[in-house]
Amino acid sequence: MIRFLSSTILYSILLHNQINLICTLEEFETKMNDSLLMEVRDMQAELAIIRQDIHAHPEMAMEEKRTSTLVASKLKQWDLTVTEGVGRFGVVGTLTSVKPCNRSIGLRADMDALQLIERNNATYISTKLGAMHACGHDGHTAMLLGAAKYLSEHRDSFCGTVQFIFQPGEERLAGAIAMINDSLFERFPVDAIYGLHNVPEQMGTFSIRPGPLMAASDRWNVTFRGTVDHGGAGAHLGTDVTVLQAQFIMALQTIVSRNINAIDSAVISVGAIQSGSFVSANVMPSEIRIGGTARTLTASVRDLIEQRINELATNLATAFGCTAHVEYRRGAITLVNHDEQTKRAIKAAEAVVGSTNVTKNREPLMASEDFAFMLLKRPGAFIFMGNNDGAVLNKLHSPDYNFNDDAIPYGVAYWISLVQQELND
């Protein structure tokens, strides 16, 4: 009995000490995280000025001359080795640690703006009518610059090489391919590549998933041709392409609902219809053009949608005594995160905001991102970062969007955490 009690007491003491040790470690990690965020917040004002300057001078895809010059200037100021003109306006800043190591990591931010008329009241509103940063690429650029500055001042905190990749032309889904075709990964080797994008979710949170995270994006156009006739006296004599297009649009909806497995995700939307004249609205047009987008997460569903759009257009046109011309243009591919790099991204995010603020298996988004092409070339992961607080709702691609400067420290700290983890393990 005495031995039993002694063993029980000893076990309780050991368990108590173990719990205290775990709590102490968690408290220590929290202090370290708070310390990093505090350091980064000391940079926030400087980075916000840079971000707002970029916001005030937006440049469309593959036209980012001023932005890339600004980025290169800052990187040189912070003693990085800078290469300009990669894929036309891309910039790469190379940073090596104090202690030489063979490992390397790539961090990518996009720089381009959108074709929108801004409706904000900020003092730094777009100075270029018809262009604005409505997707937060100004914030992405500022956050990666912040990480470059911090790590340049703390070269002893990691062991290896960091390639800071500032990419043009994401909105046209052209910039990643342009940099890859300019021998990006041959000239600037990396073991893994990582990307980040803000989303209209709670600030101080991150979300990610292994596997498909963002959709492939395709454009399609269908032109129906028939015969012109009077809409009153000769309606029965013509082949009415307007009725044909109405049937076609309704038939499109059956592709997702009846041809694609219910557990697969797909979107087909019509975004444009062109035909006829309101001046001569009594005339049935001989031609009508319809265009839209298709989004998918798997190659098989993508192939099926292209096949079915062609079949529906051709067969319906024949049934109405008309002809159909179909154009299906494939754009961005599905963005697929690699399992190991997703785990590393999660670990880095958790080190900044804690495990409860990181969603590890979020639902995929049907938006597209050309970072997917980089993930074909190197293992890596793409993560989302919340950009909203209680007073700010930042809806992407909206004319009243404005990146939340209070979110800057979280993105900078994530990049730093990722590098220090990846190049120290």
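This note sets out points on the domains, the sheet and the salt bridges of a predicted model.

1. Basis. The model is predicted, and local features need pLDDT of at least 70, side-chain atom pairs count only at pLDDT 80 or more, and totals for chains, interfaces and linings use all residues. Residues are numbered from 1 along each chain as its sequence is written, and side-chain values use heavy atoms, with hydrogens and water left out.

2. Domains. The protein chain is split into domain 1 (27-214 + 334-424) and domain 2 (216-331); these bounds come from an automatic or database domain assignment. Between the C-alpha centres of domain 1 and domain 2 the distance is 39 Å. Nine residues from domain 1 and 10 residues from domain 2 take part in the contact, where contact means heavy atoms within 4.5 Å.

3. Buried area. Domain 1 and domain 2 bury about 720 Å² between them, with 65% of it on carbon and sulfur atoms. Buried area here is the accessible area (1.4 Å probe) that two parts lose on being put together, summed over both. Of the area that domain 1 buries against domain 2, 67% is supplied by T334, M366 and S368, more than any other three residues.

4. Polar links between the domains. There are zero salt bridges between domain 1 and domain 2, a salt bridge being a side-chain nitrogen of Lys or Arg within 4 Å of a carboxyl oxygen of Asp or Glu. Two residue pairs, both at pLDDT 80 or more, are in polar contact between domain 1 and domain 2. A polar contact is a pair of N or O atoms within 3.5 Å; within protein, one must be able to donate a hydrogen and the other to accept it, and residues adjacent in sequence count only if both atoms are side-chain atoms.

5. Sheet. An open sheet of eight strands has the order β1-β2-β4-β3-β5-β16-β6-β15, with mixed pairing. β1 (81-86) and β15 (358-359) are at the edges with a single partner strand each, so one side of each has no neighbour in the sheet. Strands are DSSP runs (E, at least two residues), as helices are (H or I, at least four), numbered from the N terminus; two strands pair if DSSP finds at least two bridges between them. Strands β3 (residues 104-110) and β4 (residues 161-167) run parallel and are joined by seven bridges. R108 stands opposite I165 in β4.

6. Salt bridges. The count is 18 salt bridges.
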